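Colleague: Hi! Could you walk me through this model when you have a minute?

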Amino acid sequence: MSIQTSPRLLELAGKSLLRDKALAIASLEYLPTELFPPLLMEAFLGRQESLTSMVHTWPFARLPRGGWVPDANASEQATLNGLHILLAQKFRPRRWKLQVLDLRNTEQKVLAMVWLDCIQEVGVNCTWKLSTRVCAPYLGQTRNVHTLFLSHIHMPTSEEKEQEWGVSQFPSQFLRLHHLRSLYMESLSFLKGWLNQTLTYLQMPLETLSVTNCLLTESHLKHLSQSPNLSQLTELDLSSITLANFSSKCLRALLEKVAAALQDLDLVYCGIVDSQVKVILPVLSRCCQLRTFSISGNPLSMAVVEKMLRHTARLSILSLELPAPLQSYSSERALEMR
């Protein structure tokens with residue numbers, strides 16, 4: 001004899017409530033938080049009016065889309081209707097905490113229904129199968145975005161394919177992003193030329209720039225040091241960017257550009273060597289706002305690590321993350337790091 005698990009009281013209460021549509025909508029403002037996830041599941045399965053109302057009182061920071069349900073388009077439309085109504089109001093409901101509408105794997109027609117100029121944070125973390133010729137205009141419509149994450153986006157490297165995908169159209173969209181203050185780029189395969197154009201099109205000085213695990217050239221670093229929109233940077237992260245063969249003067253010029261406001265500097269696993277550190281040390285000592293400096297994972301000698309400690313000693317609020325000096329490794333490990 002099989003034993004079936006009885007429905008939880010919470011599930012029964014949610015199903016009972018949804019049978020009375022008017023009561024469900026009227027009660028949303030006062031329902032326990034625990035009831036919202038099961039109610040959302042039920043609403044996705046065909047109760048679009050309840051779904052629209054749930055958006056107004058959603059008590060969590062993130063709201064998933066219902067792309068997995070049989071009538072996904074109707075559910076998505078109901079969710080967006082609720083969001084649009086809410087954004088048109090001057091006052092927000094008491095318990096509303098929604099900050100992120102999860103649109104991962106969303107089709108283009110769904111993006112077209114979103115009020116993109118209401119979005120303040122955008123994140124793209126995938127291999128784009130859609131042409132940037134199609135996607136780029138949507139980025140340009142997020143006029144109030146202040147934080148942009150671009151991660152693990154891989155595109156064709158051939159010039160012919162770049163034209164087909166419209167890669168060149170992407171940087172120009174930054175002309176419309178008048179509120180962008182934080183830009184994060186990780187594992188991007190199309191920075192050649194693209195990064196320099198993007199810096200040119202920036203409309204506001206950035207506060208955060210993070211370019212990690214990407215292939216940068218010395219030309220990129222030179223453009224960074226010359227960009228007027230980086231003079232107010234408080235955070236600079238170049239982790240896992242190979243800098244070993246870059247000119248020390250070029251690296252110093254970049255740090256001089258951002259020295260006045262810089263608070264957090266991350267140069268972890270950049271392959272930086274003693275000669276480069278010696279050149280940038282005088283600039284580091286002038287970064288009076290610097291709070292954290294991470295340079296671990298770089299092949300530096302004991303003498304240079306000690307010199308770095310002396311140069312930054314007067315920065316009383318500074319937290320240092322230093323590499324273990326080469327002398328502390330076995331000969332095999334030291335050769336591996338080199």
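Colleague: What should I know before I start reading numbers off?

Modeller: This is a predicted model, so local features need pLDDT of at least 70 and side-chain atom pairs count only at pLDDT 80 or more, while totals for chains, interfaces and linings use all residues. Residues are numbered from 1 along each chain as its sequence is written, and side-chain values use heavy atoms, with hydrogens and water left out.

Colleague: Thanks. How many helices and strands are in the protein chain?

Modeller: There are 14 helices and 10 strands. Both are DSSP runs numbered from the N terminus, with at least four residues of H or I for a helix and at least two of E for a strand.

Colleague: And how much of the chain is buried?

Modeller: Of the 338 residues, 46% are buried, where buried means under 20% relative accessible area, exposed means over 50% and partly exposed is in between, using a 1.4 Å probe and protein chains only.

Colleague: Now the sheet. What is the strand order?

Modeller: It is an open sheet of eight strands, β3-β4-β5-β6-β7-β8-β9-β10, paired in parallel. Two strands count as paired if DSSP finds at least two bridges between them. The edges are β3 (121–125) and β10 (319–321), each of which pairs on one side only.

Colleague: How many bridges join β3 to β4, and β4 to β5?

Modeller: Five bridges join β3 to β4, with E121 partnered by T147 in β4. Six bridges join β4 to β5, and there S151 has E186 in β5 as its bridge partner.

Colleague: What about β5 and β6?

Modeller: Strand β5 (residues 182–188) and strand β6 (residues 208–212) are parallel too, with five bridges. Y184 stands opposite S210 in β6.

Colleague: Is β4 mostly covered or mostly open?

Modeller: Mostly covered: in β4 (residues 147–153), five of the seven residues are buried.

Colleague: Switching to packing, which residues touch the most other members of the largest nonpolar core?

Modeller: F174, M185 and L209 do, in a core of 61 residues. Such a core is a set of buried Ala, Val, Leu, Ile, Met, Phe, Trp, Tyr and Cys residues joined through side-chain atoms within 4.5 Å. Apart from that core lies another, of 19 residues, including L39, W58, W96 and L98.

Colleague: What is F174 in contact with?

Modeller: Leaving aside neighbours within four places in sequence, the contacts of F174 include L139, L148, W194 and Y201. Contact here means heavy atoms within 4.5 Å.

Colleague: Which residues of α10 are buried?

Modeller: In helix α10 (residues 218–226), they are H220, L221, L224 and S225. They sit on the same side of α10 because they cover an arc of only 135° around the axis, the arc being that of the directions from the helix axis to the C-beta atoms. The buried residues of α10 pack against α9 (194–201), β6 and α11 (248–258).

Colleague: Last topic: which loop holds S240, and which holds Y269?

Modeller: S240 is in the loop between β7 (235–237) and α11, while Y269 is in the loop between β8 (264–266) and α12 (274–284). S240 has a positive phi of about 60° although it is not a glycine. Y269, also not a glycine, has a positive phi of about 50°.

Colleague: Is Y269 buried or exposed?

Modeller: Y269 is exposed, at a relative accessible area of 55%, whereas S240 is partly exposed, at 36%.
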